[in-house]
Amino acid sequence: MAVSGTGRPLDGRGVVVAGGSRGIGRAVAELLCELGAGVVVNGRDADAVEQTVAAITASGGRASALAGPADDERVAQALVDDCVRRHGRLDALVNCAGIAEPPGSSILNVSPEDFDRLISAHLGSAFHTCRAAARLMAAQGHGAIVNTSSVAFLGDYGGTGYPAGKGAVNALTMAIAAELKGYGVRANVVCPGARTRLSTGAEYEAHISDLHHRGLLDDATMRASLDSAPPAFVAPLYAYLVSDLARDVTGQIFVAAGGFVGSFDRPSPRLLGYRDHHDTRPWSVDDLHKMIGAAQPAP
């Protein structure tokens, strides 16, 4: 149970889970149904979507299937419409859709086609589903959006379109949270860490080892990446964020991996220097070198 002492806090709610047929998305869909919600399960693989819905309904949950790419505007709108038609309402949208970066991909070799595909799968999915859901949520005066990002947006895991797409999802979600707060609609981000089909196998292990060898991952992060907890350890944070218990939580980026739950501080500039442009000249290159160089951490 995600939140002790609350019974079924999502009774009667309608939720769309994009990318809900496998891995973290499936664990989220299953838990939301366990807590009382009716869920539209989405994914690109129709068979996987049907299997997830069958498992949920066999356990007494309320779930319906709608397969298709969430970065397609028509699919995104159909998800919202289907949730209202089948479950009577739309209270929350959870985005877990995404794809992995091709093995060995970097700025040195990624193709424009692969980069565009990664951006669309992550940012495009978030944009189209949020756009479709936000209009209904704003009109009804309530709703919760939870988008999925990754700590990879920091760049520590290499790649190109994957970290770029996830960083863009963060920025989009923060903008949505600010814009829709006055309508009673909340938006947050989860950066999950869990053992899924994308984070297992020899290819994944070799990738993590290579990042460690190149100095991008420290020892602790490498070990954690190779020993992730099951998705069930991440799903409760999503359930909490769509529930009324999180009614005051919006515009935040959370990270959850195994027993660890944390949040990112909102970025803010650190003052390095100041000049009043009314009575002084612009900074020279030498001025900037002295100022910025002195602020760099020791090697």
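**Group meeting: a patch, a pocket and a cavity**

Okay, let's start with Trp-283, which is partly exposed at a relative accessible area of 33%; partly exposed here sits between buried, under 20%, and exposed, over 50%, with a 1.4 Å probe and protein chains only. Quick caveat: this is a predicted model, where local features need pLDDT of at least 70, side-chain atom pairs count only at pLDDT 80 or more, and totals for chains, interfaces and linings use all residues. Residues are numbered from 1 along each chain as its sequence is written, and side-chain values use heavy atoms, with hydrogens and water left out.

You'll find Trp-283 in the loop between β8 (260-263) and α9 (285-294). Together with Leu-272, Leu-288 and Ile-292, Trp-283 makes a nonpolar surface patch of about 310 Å².

Now the second largest pocket, with about 220 Å³ of space. A pocket is an open set of 1 Å grid points with protein on both sides within 12 Å along at least five of seven lines; a cavity is a set where a 1.4 Å probe fits but cannot get out; lining residues have an atom within 4 Å of a point. The pocket's lining has nine nonpolar, no polar and three charged residues, and α4 gives the largest share, six residues.

Last one: which element gives the largest share of the lining of the largest cavity? That's α4 again, with three residues. That cavity holds about 40 Å³, and its lining includes His-122, Ser-125 and Lys-166.

Note on methods:
Points joined across faces, edges and corners; volume = space filled by probe spheres on them. Helix = DSSP H or I, 4+ residues; strand = E, 2+ residues; numbered from the N terminus. Patch = residues over 30% accessible without salt bridge, like charges linked within 9 Å, V, L, I, M, F, W, Y side chains within 5 Å. Areas by Shrake-Rupley, 256 points an atom, 1.4 Å probe, with all protein chains shown as cover. Salt bridge = Lys/Arg side-chain N within 4 Å of Asp/Glu carboxyl O. Nonpolar A, V, L, I, M, F, W, Y, C, P; charged D, E, K, R; others polar.
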